[in-house]
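Dear colleague,

Here is the structure you were expecting. My notes on it follow below.

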Amino acid sequence: MPAGSLTLLGGYTVFSRTRSTARARWLSRAATTTLGGFAALAAMPAAAPADIVEPPPLPHVMTVFPDRDFVSVEGYAPNTDMTIRVVRNGLTIGTAAGTTDGDGLLEVNHPGGVCWQGSTPNIIGQDKVVVTPTVTPADGDATTTQSVVAGQAFIEKDPVTQARTGRVIVKGTARKADGSPMDLGSVEQRIVNPALTSVPEVGRRDIRAVLGGDPRGGVLSADPAGGPGAFIAVYSQFSDSTDDLLVAGQTRVLAWQAANAGGDRLGITIHEVGEVGGPGFGGCPGGADYAVNDSQPANVTKALIDGGAPLGVSGVAQDADAVTVTLSDGDSSTTDPVTTVTPSPATGSQTWSATFTAAEVGALKDGTLTASGEYTVGANTIRGAEHRLAKDVIAPGAPTATPGSGTYATSQAVTLARPDPASRIRFTADGTDPTATSPLAPAQISVTSSQTIRAVAFDDVGNPSAVSAFAYTITTPGGTGATGAVGTPATAGSPSVTTTGTPASAAAAAAFGLPVVGGALAPRPQAGQPSVAPAADALAVTELALARRISVVRLRSTGLRIAMRLPAGSRVVRVRFHRIRNGRADRVAMAVVLRSPVTTGRYVLALRDRALLRRLRPGRYVAEVSAGRSRADLRRTARVTFSVTR
């Protein structure tokens, strides 16, 4: 797709654009050698355009392994919450959420990564995989799984004498969505066997066949006898002993959506002969041919009910004639709405969608709702995997401020409080009302000049409170002016709130109004945008939370996530783990973790170090968390206990 071109993707505007960094070519090389009706893509209204790029340009690399239902994304901002979805026929059939590691890598359904939610989707050709930052779901990347399959490599023999011909053959197909042949210039067939590294005529773990031939491998060409899209890969230059190693290896086929000007492959699919789909490691949910996978919107909010909007649910089926969908709050005193829909296409792998009116949903109790399906397959009825969502139609209370609005002779350290402790506050200081993408309020906001702070609270399902406005007049000499950064004059009229925290990504920088220069965040906020200044003694971690019970299997497969709120000025976070024995914590920490957070406010520390996770054996523990400007300046410790179970 030429740079700047535009297509439509399930209600999203998709642009082809170019990103580039110093890591771009390295990431591309790594990717190409790694072997081992609703709105279609996310919880965004169909009418709202979104910047979803397909295929992902460098440095973003997305690789889909359909046979293992495994997706790998890399080259993204480190320590960033991401959402990955599998979309079929415009409907989400699989969702996963996780945090990129320090190198910007996140894997789904692969050891060390995260699981698919609810059930593991069976990824097939033409399924679209979409990755977006969780906080900005309108901005992300997509790749379409390529329809490539192959059989295992075999040694060709003379049909009469059964003597070897000296050729190793791999046959397969590579087809477009309409069934026509793919361009074999975007296909590469590989055979992988680590034993090949010790073979002088190969000297590496894999050999490859490409269109026109690989001098160290084989020749890929169309196979007219196999029908539309059929190909054949021929390896004819090796000894019999090497041929034996080839057929003992694993056959794979790579295909990519596009290549950039440097020849780097973009949007990669890797088909692996003999691999089996389903959960990729212990603790992940099983695969389901019959399942409710998604709801649009993700949860039922006050706005949905007040606006009379319907709730949509969708899922997958296999050779089903009909799906009867039920939405339940688990309360026998209410009536569960039921609807029957017809899946599409008529046979094979199917998708379906159903809607419930605002009146039907509004009659259910607040709390957890369960969407379930019964699938009619011939004379049989099959129950599939369910999907749960939250219903909450009570808006949180509006934020309050201490000190409140007024005229002050000196700068003020303002604290915004939440009547609903589970909500989060977002704020502005540029005269506009805050939204769900405005900056999160820190522990304290330093107001050094006259301005108005506006704040809104959002609960867990996204209900907003009323907007609070707090006007401050600072009468110190020069206090009626404005400051764009600490001690730095700025354009008159810009807010005086200042920042010492650094957003984790360009998307977060945009939310903070911070310019990005050369891939790094510039030190000054833009005029008219708020930011945060630290209070001298406010560097205390708050809202500390982690799973109070976690199994050994889950711990070692997904790691340990500790959520917290970091005050502005935090440069170091320290976590000390103590084993609890006989009701008392050991005096000496069994493990200490240090991190340098790239953002303040809401922060999630994802621990995946295998040595640490192996030490967390069944038992009770206390995690002590401290934050500060440096290792020598750590402030008050917050504590939380948790149990590791078998």
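Nonpolar cores

The largest nonpolar core in this predicted model has 30 residues, and those with the most contacts inside it are Leu-560, Ile-562, Met-564, Val-575, Phe-577, Leu-616 and Phe-642. A nonpolar core here is a set of buried Ala, Val, Leu, Ile, Met, Phe, Trp, Tyr and Cys residues joined through side-chain atoms within 4.5 Å; buried means under 20% relative accessible area, exposed over 50%, and partly exposed in between (1.4 Å probe, protein chains only). Among the elements that give two or more residues to this core are α6 (552-558), β42 (560-566), β43 (572-581) and β48 (638-645). Helices (H or I, at least four residues) and strands (E, at least two) are DSSP runs, numbered from the N terminus.

Leaving aside neighbours within four places in sequence, Phe-577 is in contact (heavy atoms within 4.5 Å) with residues including Leu-560, Ile-562, Leu-612 and Phe-642. A second, separate core of 25 residues includes Ala-153, Val-187, Ile-191 and Leu-196.

Thr-370

Thr-370 lies in strand β26 (residues 367-377). Thr-370 counts as buried because its relative accessibility is 16%. Beyond its neighbours within four places in sequence, its contacts are Thr-326, Leu-327, Ser-328, Glu-386, His-387 and Arg-388.

Confidence

The mean pLDDT (the predictor's confidence in each residue, from 0 to 100) is 81, and 82% of residues reach 70 or more. Over residues 1-49 the pLDDT is below 50, and residues 479-537 are also below 50. Where pLDDT is low, the predicted coordinates should not be read in detail.

Residues are numbered from 1 along each chain as its sequence is written, and side-chain values use heavy atoms, with hydrogens and water left out. Because this is a predicted model, local features need pLDDT of at least 70 and side-chain atom pairs count only at pLDDT 80 or more, while totals for chains, interfaces and linings use all residues.

Regards
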